[in-house]
Amino acid sequence: MRTDRPDPLAFLDAELNDMRARHLYRPLRVMASEQGPVATIDGREVISLSSNDYLGLTHHPRLKAAAVEAVREYGAGSGAVRTIAGTMSIHEALEAELAAFKGTEAVLTFQSGFTANTGVIPTITGEADLIVSDALNHASIIDGMRLSKAPRRVYAHANVGALETVLAEADERGRPDGAGPYRLILIVTDGVFSMDGDIAPLPGIVEVAERYGAAVLVDDAHGSGVLGRNGRGSVDHFGLHGRVAIQVGTLSKAVGVLGGYVAGSHALRDILIQRARPFLFSTSHPPAVVEACREALRVMDEETWRIERLWTSARRFKAELARLGFDIGRSETPITPIIVGDSEAAIRFSERLFEEGVFATSVVFPTVPLDQARLRTIVTAALTDEHLDRALDAFARVGRELGLIGAR
Ligand code: PMP
């Protein structure tokens, strides 16, 4: 027996030390309050520009009350996966309401947006198919593709011409094993790209997809609640109802709770119920989550000022950051990156802002390319003008102090 390796996991320390030396290690910040516009994080009260709580629903009194009531009526947990004993009437009700919201025949919920992608992509694609993916798609899409037996091609980010080249080639050559045309070509794209805040060129994507008989899957994690009529998402924003086969969404961002869903046809929902592995092998949402999500949809419908406020604040915040001289990239949505370049500088910028009472997280490699480290901010509907003014003041002061913008 070998006894010369007392700790077989000792290499983990070496890896962590290496990350620290390269400024790629980021400790977790710990929040002791609710996810409000001002939160208590690591013992300090800060203006939060780092949540995905677009509409300020995470702490909405009506969602909290719905969750409490659900616990009283249905208990704390669901007790099983959906296919065994874990499908409650409230799960089905939420799905019907989401389908009405998205304007699709049917919806199936998953435990998270992540599992929605890793559930749907490998379920509907196999060896006879081709997946064509935007270069900047979310990690859950990438993992979903890895779990599929289908070959995949990646096209340059948001580049419809590059997508068309891939489709034309696939159409001409067919399957690599010479077995004729692909059964399904599935184009997959984020609706809103989560690190840059730009919107996918969906009209162009749908147009070339239709020309080549391909289906489109849009992951609207950052589009739902933000784009389209009352936050119905990017498909609604571009008026493409009926032309996008699959919409993936999350209940963890604008909806303010937890979960993901796949919206599409009845057949799509049915096949996912039979085959999608996170659905089959992982327990369903507890009642509090389901009822809070249902209440969120009602609040979104009634309190339309939230999405309006979100956009007014986002436009103002972006314009001010650009005026100060920051590089805010190609964002078109309430996600505003502040691109700094070097990861050490991004981490330092975030830390100094934190000391000044503003929480804007740094995002470094591997989430973004090595030389594109940034702060990623999201303005939410819960922030007041006064919060925004204070945050912008801090950005100006710290930005000048660190030489990221010129003195004025
Ligand atoms: N897709 C995209 C584009 C996302 O940004 C995220 C969350 N970061 C997800 C999916 C995963 O959603 P969830 O947090 O609900 O798992």
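Let me begin with a term I will rely on: a polar contact here is a pair of N or O atoms within 3.5 Å. Please keep in mind that what we are looking at is a predicted model.

With that cut-off in hand, consider the ligand, where an oxygen atom is placed 2.9 Å from a polar backbone atom of Phe-114, and where an oxygen atom is also found 2.8 Å from a polar backbone atom of Gly-113. On the side-chain side, Asp-219 brings a polar atom to 2.5 Å from a nitrogen atom of the ligand. On its own the ligand has 390 Å² of accessible area, and the protein covers 82% of that.

Who else is around it? The ligand is surrounded by 14 residues, and the closest of these are Gly-113, Asp-219, Thr-250, Ser-252 and Lys-253. Sorted by class, that shell consists of nine polar, three charged and two nonpolar residues.

Let me now turn to the protein interior. In soluble globular proteins, nonpolar side chains tend to be buried together. In this model the largest nonpolar core has 36 residues, among which Tyr-54 and Leu-55 touch the most other members. At least two residues of this core come from each of α2 (61-74), α3 (89-102), β9 (260-264), α11 (287-302) and α12 (305-324), and the greatest share is that of α11, which gives nine.

Key: Residues are numbered from 1 along each chain as its sequence is written. This is a predicted model: local features need pLDDT of at least 70, side-chain atom pairs count only at pLDDT 80 or more; totals for chains, interfaces and linings use all residues. Side-chain values use heavy atoms; hydrogens and water are left out. A residue is near a molecule or strand if one of its heavy atoms lies within 4 Å of it. A polar contact is a pair of N or O atoms within 3.5 Å; within protein, one must be able to donate a hydrogen and the other to accept it, and residues adjacent in sequence count only if both atoms are side-chain atoms. Accessible areas come from the Shrake-Rupley method with a 1.4 Å probe; for residues, only the protein chains shown count as cover. Ala, Val, Leu, Ile, Met, Phe, Trp, Tyr, Cys and Pro count as nonpolar, Asp, Glu, Lys and Arg as charged, and the others, Gly among them, as polar. A nonpolar core is a set of buried Ala, Val, Leu, Ile, Met, Phe, Trp, Tyr and Cys residues joined through side-chain atoms within 4.5 Å. Buried means under 20% relative accessible area, exposed over 50%, partly exposed in between (1.4 Å probe, protein chains only). Helices (H or I, at least four residues) and strands (E, at least two) are DSSP runs, numbered from the N terminus.
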